[in-house]
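Here are my notes for someone meeting this structure for the first time. Have a look at the sequence and the model, then go through the points in order.

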Amino acid sequence: GNNSVNDDRYSEILKVAQRRLLDILIDQLPQDNAGNAWDAADGPDVKVRFSDSTGVVAYTTSTMMNVDVTGDVTFIDTSVPFELRPTTYTVEILDEDDTADEVMATFSIDLDAYVPDETRTIDFANGNATMAISYELF
């Protein structure tokens with residue numbers, strides 16, 4: 001059968017496969033906000049937002065309160081399934097604040113050109129932040 005990512009038919013089949021977000025693992029967060037603490041009294045209140053190429057928010061996770069920026073953060077929210085469509089997403093890690101959310105890190109991925117691999121994870125890295133998302137095909 002066709003099983004090479006260099007095989008056009010195989011790539012086309014994977015490209016149009018439906019992907020549903022399973023979880024998000026943030027491995028590393030920026031330790032501070034340009035020299036200042038994210039939140040003065042405790043850790044940042046972290047959430048992850050996916051926006052499409054037009055800026056429309058496609059999905060936002062729940063918020064993890066008072067996160068330790070030296071540890072891992074895992075979001076698992078299958079109660080509201082998010083279907084990763086073949087489009088370009090801007091993925092932001094945010095510190096939720098009362099007045100305005102602060103961007104901790106920003107990533108971008110073009111899922112129209114991304115060919116899924118066997119691990120069904122996508123790794124992101126940007127300066128002093130790293131994260132991975134896991135998905136399932138359906």
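**Notes on the charged pairs and the surface**

1. Let's start with Arg 20, which is partly exposed at 25% relative accessibility. Buried here means under 20% relative accessible area and exposed means over 50%, with partly exposed in between (1.4 Å probe, protein chains only). A word on the source: this is a predicted model, where local features need pLDDT of at least 70 and side-chain atom pairs count only at pLDDT 80 or more, while totals for chains, interfaces and linings use all residues. Residues are numbered from 1 along each chain as its sequence is written, and side-chain values use heavy atoms, with hydrogens and water left out.

2. Who does Arg 20 pair with? Its side chain meets that of Glu 136 in a salt bridge, at 2.9 Å from N to O. Arg 20 sits in strand S1 (residues 19–28) and Glu 136 in strand S9 (residues 129–137), so the pair ties together parts that are 116 residues apart in sequence. Glu 136 is partly exposed too, with a relative accessible area of 29%. By salt bridge I mean a side-chain nitrogen of Lys or Arg within 4 Å of a carboxyl oxygen of Asp or Glu. A search of the whole structure turns up five of them.

3. Next, look at Asp 101 and Lys 47, whose side chains form a salt bridge of 3.0 Å, N to O. Asp 101 is in the loop between strand S6 (88–95) and strand S7 (102–110), and Lys 47 is in strand S2 (residues 46–52), so this pair ties together parts 54 residues apart in sequence. Lys 47 counts as buried at 11% relative accessibility, whereas Asp 101 is partly exposed at 30%.

4. Strand S2 also holds Arg 49, and strand S6 holds Glu 92. These two residues form a salt bridge, the closest N and O atoms being 2.8 Å apart, and the pair links parts of the chain 43 residues apart. Glu 92 is buried, with a relative accessible area of 13%, while Arg 49 is partly exposed at 22%. Back at Lys 47, salt bridges that share partners join Lys 47, Glu 96 and Asp 101 into one network.

5. What about the overall layout? The protein chain has one helix and nine strands, and the helix comes at the N-terminal end of the order, α-β-β-β-β-β-β-β-β-β. Helices (H or I, at least four residues) and strands (E, at least two) are DSSP runs, numbered from the N terminus. Buried residues make up 35% of the 138 residues. Among contacts (heavy atoms within 4.5 Å) between residues at least 6 apart in sequence, 58% join residues at least 24 apart.

6. Finally, the loop between strand S3 (57–60) and strand S4 (73–75) is worth a look, as it contains Asp 72. Is Asp 72 buried or exposed? At 55% relative accessibility, Asp 72 counts as exposed. Asp 68 lies in the loop between S3 and S4 as well, and Asp 68 is partly exposed at 48%.
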